[in-house]
Amino acid sequence: MTLVGECLSPHVAMAQRDHIRLEWRTPYRVLERTRQVAWTCFCRATVYELGEGGGQAFLRRTVQLDGKPTMHETSPCSISEARVIWTALLSGRAR
């Protein structure tokens, strides 16, 4: 078990009362080559990643329960818009 104080990656803050609900979809390969540029700590059951490629970006949510990870992604958008959403997610303003 990893203690939160030992984690190197950020954790998502609790959702704020007026948070924005993101639309999560089954992953689809719209962007051929992407790289994960930011991610949350893997010590939690739900891990978020920010992927970028080809001038576009998206967020991925992976729920790691019962040994079967389930992934969902947001629709691709501009890199700058995805980074704003990523910041909102980390601060609890989006979920």
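**Notes on the predicted model**

1. Arg33 is placed in the segment that precedes strand E1 (35-39). The model is a predicted one. The relative accessibility of Arg33 is 76%, so this residue counts as exposed.

2. Leaving aside residues up to four places away in sequence, Arg33 is in contact with Glu52, Gly53 and Gly54. For Arg33 and Gly54, the C-alpha to C-alpha distance is 7.4 Å, while 21 residues separate them in sequence.

3. Glu52 belongs to strand E2 (residues 46-53). With a relative accessibility of 3%, Glu52 is classed as buried, because the limit for that class is under 20%.

4. Which side chain makes a polar contact with the side chain of Glu52? The partner is the side chain of Arg83, at 2.9 Å. When residues up to four places away in sequence are not counted, Glu52 touches Arg33, Thr34, Arg35, Val37, Ala57, Ile79 and Arg83.

5. The structure contains 0 disulfides. Cys7 takes part in none, and its nearest cysteine sulfur, belonging to Cys41, is 3.2 Å away.

6. Is Cys7 buried or exposed? Cys7 has 16% relative accessibility and therefore counts as buried. Cys43 has a relative accessible area of 32% and is partly exposed.

Notes
Residues are numbered from 1 along each chain as its sequence is written. This is a predicted model: local features need pLDDT of at least 70, side-chain atom pairs count only at pLDDT 80 or more; totals for chains, interfaces and linings use all residues. Side-chain values use heavy atoms; hydrogens and water are left out. Helices (H or I, at least four residues) and strands (E, at least two) are DSSP runs, numbered from the N terminus. Buried means under 20% relative accessible area, exposed over 50%, partly exposed in between (1.4 Å probe, protein chains only). Contact means heavy atoms within 4.5 Å. A disulfide is a pair of cysteine sulfur atoms within 2.5 Å. A polar contact is a pair of N or O atoms within 3.5 Å; within protein, one must be able to donate a hydrogen and the other to accept it, and residues adjacent in sequence count only if both atoms are side-chain atoms.
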